[in-house]
Amino acid sequence: VGFEAYLSMVKTGVEITRCYALSEKNSKSREGVVQAARAVELCELIISNRRLVSVRNPVKRRLVRDLAMTSLLTGFEARLWKVVFKHLRTVCDRHASPHLLAFFSRILFAHADVDGLSASPAAKDRGDVAPWEHEKTTFSSSGHRNTYAAAFTDVRGWALRKLLKRPRDFGLTLLCAHFCIIASQYPFAVAEYSRAHRLAPFEPLPALC
């Protein structure tokens with residue numbers, strides 16, 4: 001079996017598993033999520049292969065990128081946030097598009113799992129900067145940290161590093177302001193939203209935050 005046929009077979013199998021996970025979403029059984037998680041681990045094992053990472057063949061690189069997107073979508077159903085956010089960061093790095101960053105932000109801050117990240121009154125009294133860092137972390141057999149909080153922390157670090165390199169980027173400034181809100185650091189959030197407004201004075205979003 002050739003490389004292209006092999007990856008196509010894997011991708012088709014993973015997509016079938018994702019459809020099964022979607023069909024079982026409202027069921028009490030977790031079989032769909034378990035199978036989706038196993039499919040994602042297979043994808044990540046293939047993607048992380050050193051030979052594939054360094055491959056220069058454009059066709060093979062496209063196939064690996066397609067498999068990464070399949071892993072992202074299936075990981076979303078399995079709630080493997082570290083995998084999902086890793087691939088979203090890669091896409092945002094590859095295409096410096098404000099629309100992609102806005103989509104990333106929507107997943108980050110609009111998902112139901114983000115509700116557990118808000119700082120409690122006790123945390124505010126302690127002066128905790130990042131309440132999600134106190135969440136208990138679990139690991140899968142592949143080493144992925146299976147909590148939204150752990151993946152959230154990784155994204156925060158990525159966003160800050162990107163903003164340091166591109167301080168006049170409107171989307172990144174707005175994203176970091178959102179992180180300040182989640183951490184209940186309201187003075188910093190106001191400062192970042194104000195800076196975002198100055199960067200794009202005709203953009204209505206900073207005024208609505």
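Predicted model: local features only at pLDDT ≥ 70, side-chain atom pairs only at ≥ 80, totals over all residues.
Since Phe109 belongs to helix H6 and Phe152 to helix H8, the pair ties together parts that are 43 residues apart in sequence. Phe152 has a relative accessible area of 0% and is therefore buried, the cut-off being under 20%. Phe109 also forms an edge-to-face pair with Phe179, at 5.4 Å centre to centre and 65° between the planes. Elsewhere, ring pairs join Phe76, Trp81, Phe85, Phe104 and Trp158 into a cluster.

Some of those names return in the interior. In soluble globular proteins, nonpolar side chains tend to be buried together. Here the largest nonpolar core has 22 residues, of which Phe85, Phe104, Leu108 and Trp158 touch the most other members. Helices H5, H6, H8 and H9 each supply at least two residues of this core, and H8 gives the largest share, seven residues. A second, separate core of eleven residues includes Val14, Ala39, Cys43 and Leu63.

Now look at the surface. Tyr6, Met9, Leu42 and Leu45 form a nonpolar patch there, with about 410 Å² of accessible area together. Helices H1 (3-23) and H2 (31-47) each supply at least two of the patch residues. Tyr6, found in helix H1, counts as partly exposed because its relative accessibility is 35%. Finally, Lys60 lies over the face of Phe3, 5.2 Å from the ring centre.

Technical notes
Residues numbered from 1 in each chain as written. Heavy atoms only, no water. Patch = residues over 30% accessible without salt bridge, like charges linked within 9 Å, V, L, I, M, F, W, Y side chains within 5 Å. Areas by Shrake-Rupley, 256 points an atom, 1.4 Å probe, with all protein chains shown as cover. Salt bridge = Lys/Arg side-chain N within 4 Å of Asp/Glu carboxyl O. Helix = DSSP H or I, 4+ residues; strand = E, 2+ residues; numbered from the N terminus. Buried < 20%, exposed > 50% of the residue type's maximum accessible area, 1.4 Å probe, protein only. Core = buried A, V, L, I, M, F, W, Y, C linked by side-chain atoms within 4.5 Å. Phe/Tyr/Trp six-rings, centres within 6.5 Å; stacked < 30°, edge-to-face > 60°. Lys NZ or Arg CZ within 6 Å of the ring centre and 35° of its normal.
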